[in-house]
Amino acid sequence: MKVFQTICRQLQSSKTLFVETAPRVVFSTSSYLWGRKKRVNPYEQVDQEKYSDLVRSVLSFRGHARTPQSLFEEDALLYGPVSKSKAPKQEEEAVPQNWFPLFNPEKSIKPDPARDPPVPLKIPFQRNAIPSVTRVLQQTMTSEQTFYLEKWRQRMILELGEDGFAEYTSNMFLQGKQFHGALESILSPQGNLKERDESLLESGYVQSVQHVLKDISGVRALESAVKHETLQYVGLLDCVADYQGKLCVIDWKTSEKPKPFIRNTFDNPLQVVAYVGAVNHDANYSFQVQCGLIVVAYKDGSPAHPHFMDAELCSQYWAKWLLRLEEYTKKEKSQNIQKLD
């Protein structure tokens, strides 16, 4: 007993103090905290023993690295097999309903001195009810071509005014006419441009085509009318001559902007190939043409761009020309029916 009392005295005199932690007190100015019930955790009510196996399997699962193949498998499991859609069909190029050949098997490709004209043909153009190549192309322009042409016209009118635009178009037509006249004189064996008008030799357009003229020989026709006797259309071609040894229908064009590629010439290839087909089926022409040439000359005298069309390229444009001709015929028939009604 004395020993126990001695131990108690020693503990009381020890410097080590045991402090009991006071309860935490929260002060609030609102009575809400005092009246709010303790929030119940819904997971505490779950029967853990019942679902312990499920929880243990989920927590112990280690997923494999996801790969494209595994993603496809997951998608197939969740959404079903992938239905492969067919690739979109490419739009098939339209084919003329009434096909007519570009070349004439009854005419020879090789030159025949006995039948070929001694001087270039110059058949006068006569206007009649038969549509011209130019008219067919104008009446069957695409909506896109019409839009840009009208946009260009409006822009020019804003810059020049109505009278200024009319004068501009008149001057362009006159320059083109003079240019064609100059080339006709240069290429004609009877004519001499220097004797007629020396000022035309100084024209920028004429200077522009000098390097092309060096490759032209054997002129067969100049500013000559042509008629397709079966398809019933007419035109006035600029020239038929040998270009680098190949007989071509040559079309001279003027431009203020460079046109280095044939796609820049818009409907000019259709015009050329229409003349090629007409020459080949016109009894006035004893020869047959298989190629075309578009020469774009520039007013500033910079070298012209020649665009050569071989037989294969001419055949491609011939199909397009036949489509335009069919479209024109349908429009004319529709308009005639409306007039009768």
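Analyst: Helices are DSSP runs of H or I with at least four residues and strands are E runs of at least two, numbered from the N terminus. On that basis Ala311 belongs to helix α12, and the protein has twelve helices and five strands. The model is predicted, so local features need pLDDT of at least 70 and side-chain atom pairs pLDDT 80 or more, whereas totals for chains, interfaces and linings use all residues. Residues are numbered from 1 along each chain as its sequence is written, and side-chain values use heavy atoms, without hydrogens or water.

User: Why is Ala311 called partly exposed?

Analyst: Relative accessible area under 20% means buried, over 50% exposed, and in between partly exposed (1.4 Å probe, protein chains only). Ala311 has 26% relative accessibility and therefore counts as partly exposed. Of the 341 residues of the protein, 32% count as buried.

User: What makes Lys110 exposed?

Analyst: Lys110 counts as exposed because its relative accessibility is 66%. This residue is in the loop between α4 (68-79) and α5. Its C-alpha atom is separated by 9.8 Å from that of Val289, 179 residues apart along the chain.

User: Which residues does Val289 touch, leaving out those up to four places away in sequence?

Analyst: Contact requires heavy atoms within 4.5 Å. With that sequence limit, Val289 touches Phe103, Val240, Leu247, Cys248, Val249, Val276, Val279 and Asn280. Ala311, under the corresponding exclusion of neighbours within four places, is in contact with Phe103, Gln290 and Cys291. Across the protein, 72% of the contacts between residues at least 6 apart in sequence join residues at least 24 apart.

User: What makes a set of residues a nonpolar core?

Analyst: A nonpolar core consists of buried Ala, Val, Leu, Ile, Met, Phe, Trp, Tyr and Cys residues joined through side-chain atoms within 4.5 Å. The largest here has 34 residues, and Tyr233, Leu237, Val240, Tyr285, Phe287, Val289 and Trp321 have the most contacts inside it. At least two residues of this core come from each of α5, β1 (216-228), β2, β3, α11, β4 (291-298) and α12 (311-340). Its largest share, eight residues, is supplied by α11. Apart from this core lies another of 23 residues, including Val209, Trp252, Leu293 and Val295. In soluble globular proteins, nonpolar side chains tend to be buried together.

User: How do you know that the length of α11 agrees with its residue count?

Analyst: The expected span of a helix is 1.5 Å times one less than its number of residues. The 13 residues of α11 should therefore span 18 Å, and its end C-alpha atoms are 19 Å apart, which agrees. As for burial, 13 of the 13 residues of α11 are buried.

User: Why is a space called a pocket, and what volume has the largest pocket?

Analyst: On a 1 Å grid over the protein atoms alone, a pocket is an open set of points where a 1.4 Å probe fits, with protein on both sides within 12 Å along at least five of seven lines; lining residues have an atom within 4 Å of a point. The largest pocket has a volume of about 2600 Å³, the volume being the space filled by probe spheres set on the points, which are joined across faces, edges and corners. Its lining has 43 residues, with Gln138, Lys253, Thr254, Lys259 and Asn268 nearest its centre. The greatest contribution to that lining, 17 residues, is from α6.
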